[in-house]
Amino acid sequence: MAARGFPYTDLKDFLAALERAGELRRVTVPVDPTLEISEVVTRTVRAGGPALLFERPTRGEMPVAINLFGTEKRMAMALGVGSLDEIGDRIGALIKPELPVGWSGIREGLGKVMQLKSVPPRKVKTAPCQEVVYSGDDVDLDRLPGLQVWPDDGGIFHNYGLTHTKHPETGKRNLGLYRLQQHSRNTLGMHWQIHKDSTAHHAVAERLGQRLPVAIAIGCDPVVSYAASAPLPGDIDEYLFAGFLRGERVEMVDCLTVPLQVPAHAQIVLEGYLEPGERLPEGPFGDHTGFYTPVEPFPVLHVETMTMQRNPVYHSIVTSKPPQEDHGLGKATERIFQPLLKLLIPDIVDYDLPAAGVFHNCAIVSINKRYPKHAQKVMNAIWGAHLMSLTKLIVIVDSDCDVHDYNEVAFRAFGNVDYARDLLLTEGPVDHLDHASYQQFWGGKVGVDATRKLPAEGYTRGWPEEMTMSPEVTSLVDKRWKEYGI
């Protein structure tokens, strides 16, 4: 069932829906965007608390909206569903069984979903995001209440800027979500990681000796904000995906000074360019890994124009050791992309990405085991599947194990494994932010086969039966429970 008022026109519309549902609290006293907001948000997230609107930040000229996606309930509201699984079910129902297996099948399957809904973005001539325009010397990023989240952060960061680029040769658009360090009143550090499409766009522009135009939208409607984080194949347009999720086309407008389009209902837009070859130190930054990422050289965005709505709302997020708000985004991706991952790897029954695994560190996968070393086959398939290739630990369990029940998973992983035989050790790419790997960008990985072992795998002792109570006794005790007086 769609959330009331869905699809939301813009961020303010979503905030109003959250407030009607009792899922938003307004903070009316002054609060400092340097550290204080972060501590308030972290405590709120860990208490399962509401979205927050800081109406009087002590830096900047507008309120701060944060913790919008901090629970599965609010994430479902953001996407207009009662449960995150509903979107995966919609995608699964549209994927035809005759589609080819493999990554090409993923692209074709997702492409068919988009075509069926006919929801490409729609261009408009005027837009709320351009009601107020600052250019040249009037551009001042201090108008924005950017956050310093942790004490040793390198400065002020803008943590939910939706970054738009185009491939200099093909014109293919990319939408990504990257942290942005404020270097000055009109420059930002672009922390786009090595595996991201925007990095590839920038590499082509530098090879050609060209500036790369960039537009950053802050405070978009929640579906667009989610789509920017989704691990889509490179040839699937994020705005087509957002239109599918919304059930309605996303309105886009031409930027004023760069050849890009942005969401017409964004709260704030920054337009500028990257000079080829220019880098500045970026970081440190307290990231979702729970550790500071080190200082590294990254490209510099020169902001030439800043546009915004009248009375805009600034959207940001706090990153830290889990649990934190970004787990809501990760859980949405897990559920939405399940049918597409199963299209690529049909052996998979279900999977879970635990919050403590910060997206790439752990995946729990259940299968219907049919032959020797089936679990190892699935491990290798996952390590070959787009951004799942960054997964460091894969735990494979039988299909009668609920992958979302971590106690049950631990019971299987601790008790069903001979660690001399049931581990698959390998090396491969890891996340840019992974601090544990001895070499940046690549490191060791392990797969744990926690399934029941077969004689053909060399297990000759006869796998024991797990203890379960008889259904008759279970039913009897259910009926008599009140009699026991317990």
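This is a predicted model: local features need pLDDT of at least 70, side-chain atom pairs count only at pLDDT 80 or more; totals for chains, interfaces and linings use all residues.
Two points on conventions. Local features need pLDDT of at least 70 and side-chain atom pairs count only at pLDDT 80 or more, while totals for chains, interfaces and linings use all residues. Residues are numbered from 1 along each chain as its sequence is written, and side-chain values use heavy atoms, with hydrogens and water left out.

I start with the cores. A nonpolar core here is a set of buried Ala, Val, Leu, Ile, Met, Phe, Trp, Tyr and Cys residues joined through side-chain atoms within 4.5 Å. Buried means under 20% relative accessible area, exposed over 50%, and partly exposed in between, with a 1.4 Å probe and protein chains only. The largest core has 80 residues, and L79, Y226 and F241 have the most contacts inside it. Contact means heavy atoms within 4.5 Å. Leaving out residues up to four places away in sequence, Y226 touches M75, L79, Y160, F241, L245, L329, A332, T333, I336 and F337. Another core lies apart from that one, with 35 residues, including L52, V64, L188 and M308.

Next, the sheet. Helices (H or I, at least four residues) and strands (E, at least two) are DSSP runs, numbered from the N terminus. Two strands pair if DSSP finds at least two bridges between them. Four strands form an open sheet in the order β1-β2-β3-β18, with mixed pairing. β1 runs parallel to β2 (residues 51-54) over four bridges, and R26 stands opposite L53 in β2. Two helices pack on this sheet. α1 (residues 11-20) touches β1, β2, β3 (64-66) and β18. α2 (residues 36-46) touches β2 and β3.

Now helix α4, residues 85-94. Which of its residues are buried? They are I87, G88 and I91.

Last, H191, in the loop between β8 (187-190) and α6 (197-207). Why does H191 count as buried? Because its relative accessibility is 2%. Its side chain makes a polar contact (a pair of N or O atoms within 3.5 Å; within protein, one able to donate a hydrogen and the other to accept it, and residues adjacent in sequence counting only if both atoms are side-chain atoms) with the side chain of R179, at 3.2 Å. Beyond its neighbours within four places in sequence, H191 is in contact with Y178, R179, E282, F298 and L433.

Methods: Axes are lines fitted to C-alpha atoms, for helices over the stretch in contact, and angles run from 0 to 180 degrees between N-to-C directions.
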